[in-house]
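Trainee: Can we go through this one together? I would like to start with the sheets and then move on to the helices.

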Amino acid sequence: MGKAIGIDLGTTNSVMAFKDTAVKIIRNSENQEQTRSCVSVINGEELVGKNAYNTLLKDPVNTILSVKRLMGGAIKDKMVQEMVNNEYYQYQIVPLENGTDDSVAVELGGKQYTPEQISAKILSKLKADAREKHGEVTHAVITVPAYFTEKQKNATIRAAQLAGLKLQQLLPEPTAAAIAYGADNLKEGEQKTVLIYDFGGGTFDLSILSIADGQYIEAGTGGNRWLGGDDIDAELQKLVKEKVCEDYDISDLDVLVNNLTKKQKISFTGQMKMKTEEAKIELSSAKFADVDIDNLLKDENEEVIDINVTITKDELELIVKPLITRSIDLIEILLKESNYDMTMIDNILLVGGTSCIPLVKQMLSEKYGADKIMLSEKPMLAIAEGAAIMSHRLGDTFEADTD
């Protein structure tokens, strides 16, 4: 068989890893650890990953984001309808031609695709990039959220098949995180209970896992599928606009944005999203970050308004603190619903890119004690690392063939 890898097929970013003597992240063809879960078509050319994400500045209608939210979905589903009515998703989410109310499709380059077909394109890029670095890849463990229904799991299996991958196992993301942190390295008869705190780009997921004798028993799940790093980005954009209004004595920047041509507006909103996200990431380790957008915006007198705003770490923390407080409230709700007390939890394992923000660990430590909190150097990679460890354990076994 070829190489077996672990894949975190994420809402915002996807990550791949493998294990031999140690667990290693496989960088993509752009030499990045994370691959944007994004597919686009521009000038007839299909793009996946970072290059696809960059087309947001040119053609957001033909740029597919967060397709994981649609996996196993139906056009009538509440979440699907929320995406249809959300301006963040500018591509078309439509009923599947010749399908039923129990299906959904997206439009890309004038054609319809199912969510699993789009996900397969992401998996195909990951597979191809891994092959360039490490040789032929044939098998994979792919992670899924603990809350995924059988229909959503089956859609993920279909995506793997379309990408030509032999699926070794669909691994719940909380279990992958626990494996990555070594929470299952227990003596015979020993038991451990952990809380997985997964604060990602698009979702916030909680799981309580009881681990013993190689078994992972899920005692409860919670969180908020609409709470994530995207909310921080949105609040940062508001802050940037407020600072620009103050600098230029403008009452409402959005009025000027809406006066732009369609092409200019797409470019401005795309750059605003990208620049604020970059600032958020930078502020995880720096005291300030700049957001610069030049030569796109004009006032009512046709004078150019250059956006040159500095965001401080303190300002970011003011934005993030209420979101972390919400996440702690959700922990308390999950504990109550699952009949658990925090004294019964051995560790809280932090996963997801938003967990990189120092205030997350600080507030959790203040609430539950620093000795309970475990945070890896790069928590956004933990799920893929756990999947790689499981892939190595499983060898050449697989659940679903591609034939």
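This is a predicted model: local features need pLDDT of at least 70, side-chain atom pairs count only at pLDDT 80 or more; totals for chains, interfaces and linings use all residues.

Trainee: Fine. In what order do the strands S8, S9 and S10 come in their open sheet?

Mentor: The order is S8-S9-S10, and the pairing is antiparallel. The edge strands are S8, residues 93-94, and S10, residues 111-113, each of which pairs on one side only.

Trainee: How many bridges join S8 to S9?

Mentor: Two bridges join S8 to S9, which covers residues 105-108. Valine 94 stands opposite alanine 105 of S9.

Trainee: And which helix lies across S9 and S10?

Mentor: That is H3, residues 115-134. H3 runs at about 85° to S10.

Trainee: Next sheet. What is the order of S5, S6 and S7?

Mentor: In this open sheet of three strands the order is S6-S5-S7, again with antiparallel pairing. S6 (45-48) and S7 (63-65) each have a single partner strand, so one side of each has no neighbour in the sheet. From one strand to the next, the twist averages 15°.

Trainee: What holds for the S5 and S7 pair, how many bridges?

Mentor: S5, residues 38-42, is joined to S7 by three bridges, and the two run antiparallel. As an example, valine 39 has isoleucine 64 in S7 as its bridge partner.

Trainee: Now helices. What do I need to describe two packed ones?

Mentor: You give the angle between their axes and the distance between the axes.

Trainee: Then what are those values for H6 and H8?

Mentor: H6 (residues 229-248) and H8 (residues 262-282) pack at about 105°, with axes 9 Å apart. Angles of 65 to 115 degrees count as roughly perpendicular, so H6 and H8 are described that way.

Trainee: Which residues of H6 and H8 meet?

Mentor: On the H6 side they include Ile232, Leu236 and Val240, and on the H8 side they include Met272, Lys273 and Glu277. The residues of this contact between H6 and H8 divide into four nonpolar, three polar and six charged.

Trainee: What about H5 and H11, at what angle do they cross?

Mentor: The axes of H5 (residues 173-180) and H11 (residues 382-394) cross at roughly 85° and come within 7 Å. H5 and H11 are therefore roughly perpendicular to each other too.

Trainee: Which residues make that contact between H5 and H11?

Mentor: From H5 they include Ala176, Ala177 and Ile179, and from H11 they include Ile383, Ala387 and Met390. By class, the contact of H5 with H11 has nine nonpolar, one polar and three charged residues.

Trainee: Different topic. How many cavities of 30 Å³ or more are there?

Mentor: The count is three. The largest cavity has a volume of about 80 Å³.

Note on methods:
Residues are numbered from 1 along each chain as its sequence is written. Side-chain values use heavy atoms; hydrogens and water are left out. Two strands pair if DSSP finds at least two bridges between them. Helices (H or I, at least four residues) and strands (E, at least two) are DSSP runs, numbered from the N terminus. Contact means heavy atoms within 4.5 Å. Axes are lines fitted to C-alpha atoms, for helices over the stretch in contact, and angles run from 0 to 180 degrees between N-to-C directions. Angles under 35 degrees count as roughly parallel, over 145 as roughly antiparallel, 65 to 115 as roughly perpendicular and the rest as oblique. Ala, Val, Leu, Ile, Met, Phe, Trp, Tyr, Cys and Pro count as nonpolar, Asp, Glu, Lys and Arg as charged, and the others, Gly among them, as polar. On a 1 Å grid over the protein atoms alone, a cavity is a set of points where a 1.4 Å probe fits but cannot get out, and a pocket is an open set with protein on both sides within 12 Å along at least five of seven lines; lining residues have an atom within 4 Å of a point. Grid points are joined across faces, edges and corners, and a volume is the space filled by probe spheres set on the points.
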